[in-house]
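Please find below some notes for a colleague new to this entry. They take one topic at a time.

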Amino acid sequence: MSDKHSIPGPLANEGLPLAERGLFCDAPPRQYQRANKITEAFWNWARAQSLWILGFGTGCGAIELRPLMTSRFDMYRYGIQPRPTPRQSSVFVIGGYASVKTLKRIVRSYEQMMGPKFVVALGSCTINGGMYWDSYNTIKRIDQYIPVDVYIAGCMPRPEALLAGFQELKRIIRAGRGEGQNEYARKFEWYKANQKQVIKDWNMPDYNW
Amino acid sequence: MSRAKAPYIAPAERAAPDLDSGKYLVMWQGPNHPGITGNMSLRLVIEGDSVVDCETHVGYLHRGFEKLMERRLWMQNFPLVCRIAVPEPDFNEYCYAAALEELAGIEVPDKAVWLRTLSLEMIRLASFLMWIGGQAGAFGHGTIAQWSVTMRDYVLDLFEELTGGRIYHMYIIPGGVRGDVPAGFLRRVLETMDTVRKNLDDIELVMFHNVVYKMRAQGLGYIPPDWVDQYGITGPNARAAGLPRDLRKDLGYLAYPRLSFEPIVGTVSDAFERSRLRLLEMYQSIDLIRQIVDMLPARGAFRAKLPNPLHWKIPAGETYVAAECTRGEYGFYVVSDGGDKPRRVAVRGPSYTHGVALMERLARGVNIADVAGLMVSLHTYPPEIER
Amino acid sequence: MKELITSLANRYGVRDWKDLKAGQAACFVDSGRLRDCLRWLRDEAGYAHLSFATAIDQLERGVFTLTYALRNHERGHSLLVHSEIDRTRPVVDSIHRLWAQAWTYQREMKEWYGIDFPGSPRVDEEFVLEGWQGPPMMRRDFDSLAYSDATYAERPGRASSDPAEHMKRELYPEEQA
Amino acid sequence: MKHDEFAAALAFALEREQAAVAFYADLESRAAFAAQKATLAEFRLMEEGHVALVRSLQARGEVNLSATAAVDLGLARQLAADEPPPAELDFQQILKLAIKKEERSGDLYGQLAAAALDPELREIFGRLAAEESRHRHYFEALYESEVARDN
Amino acid sequence: MNIKDFIAPFAVWKRAFEKPFTVRKPIDERPGAPRYRGFHINDAKACVGCGSCEAICMNQAIDLVPVAGLPAKEGDSGLRPRVDYGRCCWCALCVDICPSGSLGMSNEYVWVDADPEVFRYTPGVEAKPWDKSELGYRRAEGYRLLDGQRVAMPELDHQAAVQSFLELVRGYSRQQAEREADRCVACGLCVASCPAHMDIPGYIKAVRDGQLDEGLNLLYETNPFPEACGRICTHRCEAACSIGAGTGADGEPADPVAIRWLKRYIADQVELADYGRALPRAEPDSGRRVAVVGAGPGGLAAAYYLRLQGHAVTVLEKDEAGGGMLRYGIPEYRLPYPALDKDIAWIQSLGVDIRYGTAVGVDLSLADLAASHDAVYLSTGLPAPYRLDVPGDDHPRVLDGVAVLAAATRGQSLGLGKTVAVVGGGNVAMDAARTALRAGCAVDILYRRREADMPADPDEIREAKAEGARLVEKAIPLEVKAIPLEVKAIPGDPAGALVAWNEARMVQKEDGQRPVPEPIPGAVHEDRYDSIIAAIGQGPDLAFVAESDGIEIRRFKPVVASDGRTSRATIFAGGDLTNERKDAISAIADGHRAALAMDRLLRAKGN
């Protein structure tokens with residue numbers, strides 16, 4: 001967590017009323033500091049065993065999470081479960097297309113999630129716009145706005161494909177390649193600029209953690 | 001009677017509470033909230049633990065369908081429309097196809113009429129099954145969803161077999177349907193119906209004879225009968241208030257006039273009555289599916305010949321085609337200016353009235369713990385509100 | 001039905017009645033008499049259910065066509081009431097007191113077409129959009145693709161060839177058009 | 001095989017090719033228009049090429065031609081021979097002349113091969129016959145594609 | 001509230017003893033349904049690269065990309081669809097519309113990757129694990145988005161047709177034409193196959209939209225013989241048409257779009273008097289003079305395009321009317337003279353001067369012509385018939401096919417007798433046979449190879465047979481013999497001849513070459529015919545070109561560059577004389593190309 005008394009960065013919550021700026025932190029995110037190799041490997045193993053999904057159905061993809069959460073596909077046995085708030089979650093499933101209005105919430109939710117955090121993007125819409133490629137209200141590439149660890153092809157991807165995606169994510173985490181969070185910190189200004197380019201009424205904090 | 005929890009209040013213009021008074025707290029529910037169906041949010045003003053005022057905020061799922069449809073060829077809209085209401089794509093497909101057929105003067109083969117009816121009735125069942133899990137879950141009863149979502153999945157398996165898709169079936173294409181039933185399919189439909197029915201019996205027992213559910217749902221979100229027209233309420237929400245309005249009967253579209261069923265009507269439209277009525281409609285759907293399987297013609301064309309989809313022009317005209325989906329009146333208003341693309345397509349989703357205007361009204365006076373249950377009891381799907 | 005057509009014509013100058021299909025008709029009324037006409041239809045003619053209300057941009061003619069779909073449940077009849085308003089001065093009477101959900105449709109039309117309904121609750125608030133700075137997007141002169149291309153980044157690397165052009169390049173490049 | 005037998009065989013072949021050159025040259029000199037003349041000249045040049053080929057065989061002292069005969073398209077046997085050639089030669093007739101000439105040469109070498117007692121000599125004539133068959137095939141194919149298109 | 005409401009919920013517990021719903025290994029145990037719309041597969045060999053998939057795709061998910069090892073060729077653009085799974089919505093409309101039926105979908109649905117750039121591929125070209133998938137979405141039987149059946153062309157029935165020289169094909173009505181034009185997907189595969197590279201999708205669109213003036217204008221951009229070509233073109237475009245690449249809803253091979261009939265429809269619908277409304281007029285006079293030798297389609301096409309550029313054009317024609325083989329080689333029932341006259345009349349209306357009855361080499365020499373004009377175009381065609389080349393082919397009853405057709409054109413008596421043998425399998429043979437049928441003869445067509453090998457248009461063969469011609473396949477003519485006196489017993493019987501022919505079998509002698517008919521020893525037949533029409537091919541008559549004209553000729557063909565230029569800079573040649581195709585449309589294309597090249601030459605000279 002960043003230090004509240006550090007010098008404000010270049011993006012100091014300008015979108016907020018003056019009175020509210022103090023409610024949020026004012027420094028950009030920092031990269032994760034790795035522990036020694038053995039400890040880190042153990043942690044990665046542990047992280048991979050408990051993927052807690054933020055229960056935020058951002059698009060049509062949410063509909064296939066329902067079967068996954070229930071008895072037929074039962075994702076709990078894989079250590080995957082939904083959580084109601086970003087603070088408790090480590091995996092963000094972007095369920096397809098994201099309208100600008102939702103993107104705003106996606107950004108905030110992503111930033112509020114505790115690290116290490118990972119993003120799984122579903123379907124065509126997150127890769128290159130999908131069937132809403134010419135819509136005025138949906139973005140085409142989610143990776144312009146938040147880093148993505150795994151993509152799952154499909155429209156919609158079936159629950160089985162989602163499970164395959166989570167297994168892949170686990171492999172990535174175990175191998176220590178789940179770098180999304182660090183990437184976000186590294187290219188923070190680039191991400192912010194992209195976000196602000198499409199979210200025209202930027203009225204939220206730049207630093208959400 | 002315990003249902004007096006929500007006394008009758010005439011719909012009126014809302015008086016905004018004075019937020020500066022210090023009596024109230026503004027609380028957002030959604031879009032990221034487990035009790036919200038789909039992706040929408042409610043701005044609640046609460047006093048203590050009861051809601052004083054509710055404002056709905058929609059548009060998180062707005063993709064601009066109606067604009068996009070004006071940019072696409074008539075046939076190209078066929079894959080697009082089903083995305084408007086994710087849990088019930090087939091109604092979009094049917095309404096769109098039927099509107100085009102009406103405007104272009106195309107006769108749909110009888111076999112396709114039956115297959116469309118089958119498809120619509122199956123998705124009604126699947127959609128209700130998904131809803132009932134949510135309804136029980138909203139009152140803290142998680143078990144039901146474990147059963148019902150699986151039952152829905154069994155129905156989706158049937159769809160997958162018939163149409164090649166689980167969620168987006170893209171089966172009802174203008175002119176007919178895209179394929180005949182596979183060998184042995186009808187037998188599997190009947191088997192699945194038996195399984196679902198058996199589970200519905202269990203659900204009825206543990207949900208509708210459950211003291212917790214009864215106490216929380218009864219009296220919640222009471223809709224007086226005279227609101228039905230005032231708010232444009234349709235479907236089970238209206239039928240629960242005692243009005244026998246069912247477009248399957250009233251419009252007599254597809255093969256419904258040839259099936260035997262009666263609209264299911266309730267007495268007092270509150271959350272409990274509405275959910276009980278939907279349970280009965282699930283039984284009704286199973287019955288209708290069995291009838292359809294019995295009467296489905298074995299032979300015959302399943303699609304009429306259409307012009308080349310790449311330059312299909314539809315004569316100028318307008319039509320409004322509606323069908324009875326699980327939530328009520330689902331309709332497509334299609335206007336053609338004689339060109340190869342629609343001039344205007346407007347989609348009328350029942351959630352639009354139930355989920356926004358009615359929800360804002362009904363939420364007043366409700367305990368915040370019941371807001372989710374109330375919303376689910378209106379059975380709304382946000383994607384069809386904002387399109 | 002004849003009776004209805006005659007009284008609508010006499011009372012509100014309703015014209016161009018057209019039976020679209022069994023159980024559905026369309027008619028046209030001047031925008032100034034629209035609200036009264038709808039009220040009469042609701043109260044006196046049994047068209048108590050408002051299915052939806054929407055607008056169509058007739059860019060070429062410089063008007064918006066408003067469409068109100070009413071249904072008479074007793075008669076099993078639907079009526080599409082049309083009215084036209086000037087595209088440059090798109091203002092029309094609000095019907096939010098006639099139907100309790102009408103204000104949502106009006107809010108939608110305000111946001112999507114820029115049609116104003118004075119007095120309608122929250123009509124100036126954003127409806128489905130947020131932070132939108134473009135023109136009302138359902139107007140036909142708003143180009144969704146151009147906006148999307150200008151606003152949202154696309155994944156690069158796509159290119160397509162036209163078969164006829166490609167074959168010309170490959171098989172008879174020397175020939176002029 | 002004796003050396004002089006080899007020399008005699010090749011001398012015979014040379015003589016035949018030279019006669020062919022002379023035959024085309026004679027026709028060429030009597031050609032009425034440019035098209036005739038150009039075609040006859042082309043065929044004469046081919047025959048001159050064959051003369052050079054035989055000369056090179058003589059110089060090398062061995063016949064290293066392929067022994068594989070070309071496919072028989074059967075035209076030579078079907079075409080009616082016009083002897084002597086008519087004055088107004090068109091392409092069909094020139095081609096036919098050429099086919100017939102190559103056929104006769106091939107037949108002759110074939111007969112010589114059959115008559116030869118020495119296996120090596122038989123081999124030489126066999127190879128010469130094969131060579132002529134390839135020439136024949138060339139003209140036959142030309143006839144098929146240019147003249148008998150519709151047949 | 002009763003006691004049941006407290007007890008009933010405990011019924012949940014009975015489920016504890018039931019078999020759980022849970023699928024043990026979801027990823028492995030649940031293949032997609034047999035119809036599942038999974039990832040795309042494409043039979044790259046069957047695909048013709050027409051791009052209908054790209055056109056129908058509402059997501060713009062499909063690009064057509066060149067593929068190594070698949071060169072463009074007639075009827076195949078060499079492009080293949082590349083799918084972007086950042087766009088696809090798995091609706092399978094691409095599968096439904098695919099004219100060749102090459103596209104399908106596997107029932108495979110798991111594709112996970114950390115790299116978003118990988119979700120694009122060319123099915124059938126880039127190997128994927130699901131390429132061999134047997135299951136997955138295919139079009140249902142009897143279901144197609146495109147109509148595989150051509151709008152039937154109204155025709156005279158064969159019984160009636162053979163009674164007269166009335167035009168067989170009636171032409172489309174407006175409604176029929178628009179319906180047929182609707183079948184086109186405007187892929188443009190046909191354009192490359194047309195020797196003249198006509199804008200086929202363009203004029204078909206004009207038919208669809210009812211813009212016939214526009215259509216006529218498009219036709220004349222590359223072809224001033226739309227009436228003629230609309231009837232007798234060899235329509236290689238239709239062989240290339242993607243709509244004909246697969247099977248129709250009935251499982252039968254689909255019909256290509258009737259491109260030729262649509263061309264005819266446009267030309268037929270616009271009256272000659274209205275041509276001026278649609279078509280360009282000639283440029284102001286350039287002061288340059290061009291001579292064209294031969295008023296066939298190629299010569300007149302060259303004349304038309306030269307005249308449009310403002311050059312003075314004189315066409316020299318040895319016959320008494322224009323059109324060349326279109327008039328003298330094609331029977332009236334296929335190309336009525338008024339239609340041909342209409343095409344020629346428009347060309348003449350621009351100021352092209354045609355001198356009939358003037359033979360170069362007889363009435364004036366090529367050298368004179370070249371001296372008095374700035375450029376000369378030779379399009380003399382192939383007027384000289386090749387002989388049968390069997391013993392006895394000089395028998396008086398052995399007639400030449402082209403001569404028979406020309407006699408029919410001129411209205412002369414044919415004197416064929418009652419029984420006719422036509423030797424050959426080309427269009428001339430079919431035309432001669434059908435002309436003989438109309439003269440009341442019984443007709444046998446003797447052909448050395450099989451029906452499938454015949455170079456004639458399949459329609460012609462079909463119609464000739466339908467009209468009553470007997471096709472004798474694999475018959476090698478051996479000899480024509482006079483009939484011995486003792487056989488000719490019946491007095492008044494016209495003098496016929498005996499045809500000796502040998503039954504053949506087809507032998508594949510060389511790989512990659514077509515099989516060769518080989519006589520079956522002993523299977524020799526002798527049949528008597530009143531006339532024998534030889535139609536084995538025609539050659540050029542180049543007697544008018546002297547060596548001093550300086551035109552290089554090889555094997556009876558002037559040597560020309562791709563634009564028709566001979567070795568002499570101001571003399572161009574084209575049409576049947578030089579090209580391999582030897583059909584009207586190729587001659588027209590040659591004429592057009594040469595006209596453009598000559599125009600450049602003349603303009604360069606002017607400066």
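**Notes on chain E**

1. In chain E, 5 strands make up an open sheet with the order 9-8-7-10-23 and parallel pairing. Strands (E, at least two residues) and helices (H or I, at least four) are DSSP runs, numbered from the N terminus, and two strands pair if DSSP finds at least two bridges between them. At the edges are strand 9 (353-355) and strand 23 (571-573) of chain E, each pairing on one side only.

2. The model is predicted: local features need pLDDT of at least 70, side-chain atom pairs count only at pLDDT 80 or more, and totals for chains, interfaces and linings use all residues. Residues are numbered from 1 along each chain as its sequence is written, while chains are lettered from A and ligands numbered from 1 in the order in which they are written.

3. Strand 8 (residues 312-316) of chain E is joined to strand 9 of chain E by 3 bridges, and the two run parallel. Within this pair, E:L316 stands opposite E:R355 of strand 9.

4. Chain E also touches chain C: 24 residues of chain E are in contact with 17 residues of chain C (C-beta atoms, placed from the backbone, within 7 Å). Strand 2 of chain E gives the most to the chain E side, with 4 residues.

5. An automatic or database domain assignment divides chain E into domain 1 (28-121), domain 2 (158-278), domain 3 (289-383 + 540-606) and domain 4 (385-538). The C-alpha centres of domain 1 and domain 3 of chain E are 48 Å apart.

Conventions:
Contact = placed C-beta atoms within 7 Å.
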